[in-house]
Amino acid sequence: MKEGNPLINVTKLLTGLQGEGDALRYTPHTGTQPAQGVSEGRGPVVVWNSTRACNLNCLHCYADACSSPASAELSTREAMAMIDDLSRFKVPVLLFSGGEPLMRRDLLPLLRYAKLRGIRTVISTNGTLITSRMAERIKQAGVGYVGISIDGMGSNNDRFRGQSGAYERAIQGIRNCLAQGQKVGLRFTISRHTLADLEQVLNLIEEEQIPRACFYHLVYSGRGQHLQNEDITRQEAREAMDMIVQKTLELYQKGRPAEILTVDNHADGVYLYQWMKERDPLQAKRIFSLLQANGGNRSGVAIGCIDWHGEVYPDQFTRDIRLGSIRERSFSEIWSDLSHPILSGLRDRKPLLAGRCRECHWLALCNGNFRARALATGSFWASDPSCYLTDEEIKAPRPSTEVQADADLLEYH
């Protein structure tokens, strides 16, 4: 249920292949976040939880979705006014999420309207409702990308998602999109419940010829808060990254590259850099340069969220931090108003970070990782508990050669 700044394009970092969102992801910017949250003359990527309704009951749902819409969800008219404002604010991408966005009856007209207003549209869905006819209609609406969640193989996915048969319907949803020429990808959340299936899911990408896959780290938000003690260990996170790297390179070497990304843990970028440094120092310097341009987590700057009632948050996971309501003020006004201490803090967060983050050698590449996970452990500005870098790694001195590499290699991308 995510797309935007928290993504790390493993394929690009390892092979240099350009992904569709990389112009947003790896645009150089200054170390201090733009005060108004508008980077390169554009607003943030916006996730819109268009409805709370969902036909599944996933263990990790950050939105705590339910079977029916919430009362007084944004109307079609209100949604169109929101899209108008986002267009004027030069928001590049609007991600329609939920709940399950396909349970919103006016989804297709709103997708078409957003495209007419110059916004790239993305759907984040469980895929079970994408029939052949629905895939055709999504394609006709000009949707840029459809992300479909698969959290394990077969019955394991169905247990995680709370409904028998969900796996087969999701796979069919992917196939239906591919048959229509609709860009589609697979999404997988790494957790204690799903880790054992990671290798099979990586193989599924090749078997089904899925062009894109995103591997998410668990965020402790919504129902995901109850899984906090069931997150994977630091060592397991490193082993999962090794497996993802191996499959990414294998597909590239076979001449069948897929765009493989990881999401919601910027330790991944540092890990990839260190992995490559042992094998190809020049490529490692290029990775370093790209990560520096990316700038790490930019919740509250390059990505924001609006829920089904029009409430605005710094990102889709930080549900305890309300910034305002678009029923009272426009999103562009809320996003540009730095009177909220959390929003202003996120624009220049490094002095506020505590714990391991404060002393971390890699802070310029990570930017403190995910604040929602830190908040779940007690303090918004504390260290992200899912950072799997060792104490030795975060304190290691930075070689002076890397400083020069930053300037020398920006031309790479």
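Me: Arg238, buried or exposed?
Reply: Arg238 counts as buried, at 15% relative accessibility. Buried means under 20% relative accessible area, exposed over 50%, and partly exposed in between, using a 1.4 Å probe and protein chains only. This is a predicted model, where local features need pLDDT of at least 70 and side-chain atom pairs count only at pLDDT 80 or more, while totals for chains, interfaces and linings use all residues. Residues are numbered from 1 along each chain as its sequence is written, and side-chain values use heavy atoms, with hydrogens and water left out.

Me: What does Arg238 form a salt bridge with?
Reply: Its partner is Glu393, with the closest N and O atoms 2.8 Å apart. Arg238 sits in helix H9 and Glu393 in helix H17 (residues 391-395), so the pair links distant parts of the chain, 155 residues apart. A salt bridge here is a side-chain nitrogen of Lys or Arg within 4 Å of a carboxyl oxygen of Asp or Glu. Helices (H or I, at least four residues) and strands (E, at least two) are DSSP runs, numbered from the N terminus.

Me: And Glu393, buried or exposed?
Reply: Glu393 is buried, with a relative accessible area of 14%.

Me: How far apart are the closest N and O atoms of Arg256 and Glu206?
Reply: They are 3.7 Å apart. Arg256 is in the loop between helix H9 (234-253) and E8, and Glu206 is in helix H8 (residues 198-207), so this bridge ties together parts 50 residues apart in sequence. Arg256 is partly exposed at 40% relative accessible area, whereas Glu206 is buried at 14%.

Me: How many salt bridges in the whole structure?
Reply: The search finds 23. Another one of them pairs Lys183 with Glu259, the closest N and O atoms being 3.9 Å apart.

Me: Where do Lys183 and Glu259 lie?
Reply: Lys183 is in the loop between helix H7 (166-179) and strand E6 (184-190), and Glu259 is in strand E8 (residues 259-263), so the pair ties together parts 76 residues apart in sequence.

Me: New topic. Which residues lie nearest the centre of the second largest pocket?
Reply: Ser221, Gly222, Gln225, Arg319 and Asp320, out of 17 lining residues. A pocket is an open set of points on a 1 Å grid over the protein atoms alone, where a 1.4 Å probe fits, with protein on both sides within 12 Å along at least five of seven lines; lining residues have an atom within 4 Å of a point.
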